[in-house]
Amino acid sequence: RFAEIYTPIVVLLALGIAVLPPLLFEGEWSLWFYRALVLLVVACPCALVIATPVSVVSGLTAMARRGVLIKGGAALEALGSLRALAVDKTGTITVGRPTVRKILSVNGHTEKEILSVAAAINARSTHPLAHAISEAAKERGIPIPASEDYRSLSGKGAEARINGVWYFLGNHRFAHEEKVCSNEIEKEIEAIEAQAMSVVVVARKTAGADQGEAMGIFGIGDEIRSDAKDAIALLHRSGLKSVVMLSGDNTRTARAIAKEVGIDEAYGDLLPEDKVSKIKELRDRFQSVAMIGDGVNDAPAMASATLGIAMGISGTDTAIETADVALMQDRLNGVAEAIQMGRRCMRIIRFNTVFALGIKAVFLVLSVLGVTGLWLAIAADTGATLLV
């Protein structure tokens, strides 16, 4: 739009300088024609045209060297205007390699039986918690029976049929829906959650009954990334108003981990659609919000945010494809560096634009007054471009 307005104005002004003064004041045609040429050279918007793309390409290249892949200039500019960041827990704040730290037997079932059923259901799952349970079964040498009719329930857990009987395993919320939580089980779950561990309940579905029978409870812990606390502090120093955790894990665990690393707010027990709703709330509060995650469950929230950021190494293909930014080294500090680079690029673009327009305005006036010669005009145009 600027070019459509700017170019005809400059051309008409140059024609006016070349033609009107000689006709109206009987001046020398060569003098005014020369001034018109000077005007055209000065008005050439080289510096203005390259002000944005040079800054953007430099920023994208600099971040690529640091292991942060930014998918285009629009994403880099969006980074520069971020006011809040939402983060997932597993694989983002934690390393994403959880291990089984506690197994509680319920209703007389043995640890071997609990692990056998849970590992059989998890045989087809790629979820980190499922992998932790399968690894625990393998380490103990427990035989894993074949499962049939496996169904993954996003944000809740999974279920399958083993030897003709339906079993399920899932989070605290799913256990409530399946009505297997007694007062005793609730107390055990609360104790596990208070230790910042994820809870997975294994239960058998009873044919024809309204509720199933709980078999056991897993307490699964994940290590917090070594750079998480420093990265969150750096994000705050980068100018973000708020850092928020959105997790499918239980609320107690999410809040305990958030408090440990310095995150401002934490929300747990969220399904993928709940994360999308929270992102919309954050956009209403802060206008510009990024979402960082690594799993399929995070992809809808990442797509709803102003900017999606994926943990590139541990992230799923869906998360990386949805994201505008990918951390190829899984360094949380890379997010803060990318935000700082985005802000710096925006400052340079603004300075370049004002500088280019200012130089043009000064030399346009000088050329009309006849103060500036052709060589000085060329030097000013080329010099401004080089400086930008």
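**Charges in this predicted model**

E148, D149 and R161 are tied together in a network of salt bridges. Keep in mind that this is a predicted model. Side chains of opposite charge can pair when their charged atoms come close. Searching the whole structure turns up 12 salt bridges, and a few of them are worth a look one by one.

Start with D249 and K89, whose closest N and O atoms sit 3.2 Å apart. This pair links distant parts of the chain: D249 lies in the loop between β9 (242-246) and α11 (251-261), while K89 belongs to helix α5 (residues 89-93), 160 residues apart. D249 counts as buried because its relative accessibility is 12%, and K89 is buried too, at 2%.

Next up is the salt bridge between the side chains of E193 and R252, at 2.4 Å from N to O. Here helix α9 (residues 183-194) supplies E193 and helix α11 supplies R252, so the pair links distant parts of the chain, 59 residues apart. E193 is buried at 2% relative accessibility, whereas R252 is partly exposed at 39%.

Then there's E265 with R285, where the closest N and O atoms are 2.9 Å apart. The partners are 20 residues apart, E265 in strand β10 (residues 265-267) and R285 in helix α12 (residues 272-286). R285 counts as partly exposed, with a relative accessible area of 44%.

Definitions and conventions. Residues numbered from 1 in each chain as written. Predicted model: local features only at pLDDT ≥ 70, side-chain atom pairs only at ≥ 80, totals over all residues. Heavy atoms only, no water. Salt bridge = Lys/Arg side-chain N within 4 Å of Asp/Glu carboxyl O. Helix = DSSP H or I, 4+ residues; strand = E, 2+ residues; numbered from the N terminus. Buried < 20%, exposed > 50% of the residue type's maximum accessible area, 1.4 Å probe, protein only.
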